[in-house]
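Here are my notes on the model you sent over. I start with the ligand site and then turn to the helix packing.

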Amino acid sequence: MTPSEQDPNRVLVFDTTLRDGEQSPGISLNTSEKLEIAHQLARLGVDVIEAGFPIASPGDFEAVQAIAREVHGPTIAGLARIHPGDIDAAWNAVKDADRARIHTFVSTSDIHIEHQMRATREDVKGLTRAGVAHAKRYVEDVEFSPMDATRADVAFTAEVVQIAIDEGATTINIPDTVGYTMPDEFKDYLTRLYELAPGLKDVVLSVHCHDDLGLAVANSFAGVQVGARQVECAINGIGERAGNASLEEIVMLLHTRQADVGFHTGVVTQEIARTSRLVSRLTGYVVQPNKAIVGRNAFAHESGIHQDGVLKERTTFEIMDATTVGLDANSIVLGKHSGRHALRQALSELGIEVDGQVLNTAFKRFKEIADKKKQVTAMDLEALVTDELREEIPAYALESFDVQASSARPPYATVVVALPDGERSTGSSTGDGPVDAVFKAINAATDQSARLRDFRIEAVTSGQDALGETSVVLELGGVTGAGQGVSTDIIEAAGRAYVRALSNAVRRRSVADQAADLTAEAAQASRISTP
Ligand code: KIV
Ligand code: ZN
């Protein structure tokens, strides 16, 4: 029995950060990063993790499989188009999970059927019948989505949905794929769907809303009000184009207004801020300061009147307590005299268990930072851990750098970079500023001609000795790569972020090259075998 079957007001949270979210331009997470996020999503208490799209690439498959094997608690879902090959790949990737789900989809809008699929409505019905039946042979938990449903004929979508239910789909997810609908319209659409597809009342109705018109959360909430008991969403609202409904917003809406709306989720809200920071760091997608719930200003009061009010009585200008979403992360404080045991204990309180060599590395880096900072907070530790302790992939590493900068001449940087084969390479360059000079010197040392797309610096905490956290997105021969770096020295943080972004881009380019070679070989083979 699912939690929503036991309790009619329980809304299931289906997190698609690692699938739809990962489809955002410039995001390229490797398997260990995806695992790290998935473990945190499990701590957050989501009901379902959509771990990826296994047919999309060997890397996607590997990551979904690793999550299915190692992450316990939530159901692990793999996405599949309605074709047998996709469904087979999704099943093979998720089958080792404690609870596995296949999520399969096909479009029901005429725009998609005619122009994208070059098919007919009859084809869509046949594909749905065969596809859901195929998935059902593998697993009981099958989710079906009629893509672009909100721009499709509701009567036709209802026919397709009923076919999926007849074949055994247990969740029907209605996507507003292009973020086009409006709350009242969406309510009417779903209400009509309930009337036209009688089987819908016996399965879980889910909604999946995109934010192209800024309505993703409002539309998701509208869906819940008329019967949806699963909401698909992503941390920090990342996803295709303008993104998905933001998990933290829909969850905190249901939480904060529970007395009025009556719905609740199983999310451990105190884990929200940390999950948001982790996703932001690993994806390189910085959270806007005024973002609801997780922006750095979400609980800050600037005007004197507000500050005065909040000091007298918090509820004068605050509808939520910052601690409810875990924004009290400054609580764990370590100093330069803290030992290995204290560090291990503090990391453990953050849900990060380290031992042996990993603890030694963490401790060495902690000491370096603690020498420069008086107090190391929980947020500093999180930043350090995501910066330093991730499983290393064969990649470049910044060994050292030297920058000469003055107002008299352009800055000049020399860097030493460790190459994947263990060799060391030196590169030098001038630049428009010291950071630019370091980036160009890294290009010279690695013999790559990457171009910077995006560069951001954030202070992890406040104060003059704050750690600087940098995010770099760069482009290399048509692929993008993102990387992050943390240090009290922002030039060092920038250099670390740049080499990581470069490593990711090189890795992605080699995967793209291998895929292109395989496609060319397959085309060549089919020419040879065709009479
Ligand atoms: O936006 C969409 O339609 C999707 C489906 C695959 C559910 O992401
Ligand atoms: Zn989507």
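**Ligand site and helix pairs**

1. The side chain of R19 puts an N or O atom 2.9 Å from an oxygen atom of ligand 1, which falls under polar contacts (N or O pairs within 3.5 Å; within protein, one atom must be able to donate a hydrogen and the other to accept it, and residues adjacent in sequence count only if both atoms are side-chain atoms). This is a predicted model, with local features needing pLDDT of at least 70 and side-chain atom pairs pLDDT 80 or more, while totals for chains, interfaces and linings use all residues. Residues are numbered from 1 along each chain as written, chains are lettered from A and ligands numbered from 1 in written order, and side-chain values use heavy atoms, without hydrogens or water.

2. D20 has a polar side-chain atom 3.0 Å from an oxygen atom of ligand 1, and an N or O atom in the side chain of H210 is 3.0 Å from a ligand 1 oxygen. On its own, ligand 1 has 260 Å² of accessible area (Shrake-Rupley, 1.4 Å probe), and the protein covers 95% of that.

3. Who else is around ligand 1? The surrounding residues (a heavy atom within 4 Å) include H103, F105, S145, M147, N173, P175, T177 and H208. By class, the shell has three nonpolar, six polar and two charged residues. Here Ala, Val, Leu, Ile, Met, Phe, Trp, Tyr, Cys and Pro are nonpolar, Asp, Glu, Lys and Arg charged, and the others, Gly among them, polar.

4. At least two shell residues come from each of β4 (100–107), β5 (142–147) and β6 (171–176). Strands are DSSP E runs of at least two residues and helices H or I runs of at least four, numbered from the N terminus.

5. On to the helices: α6 (residues 121–138) packs against α7 (residues 154–166) at about 20°, axes 8 Å apart. The pair is therefore roughly parallel (under 35 degrees).

How values were computed
Axes are lines fitted to C-alpha atoms, for helices over the stretch in contact, and angles run from 0 to 180 degrees between N-to-C directions. Angles under 35 degrees count as roughly parallel, over 145 as roughly antiparallel, 65 to 115 as roughly perpendicular and the rest as oblique.
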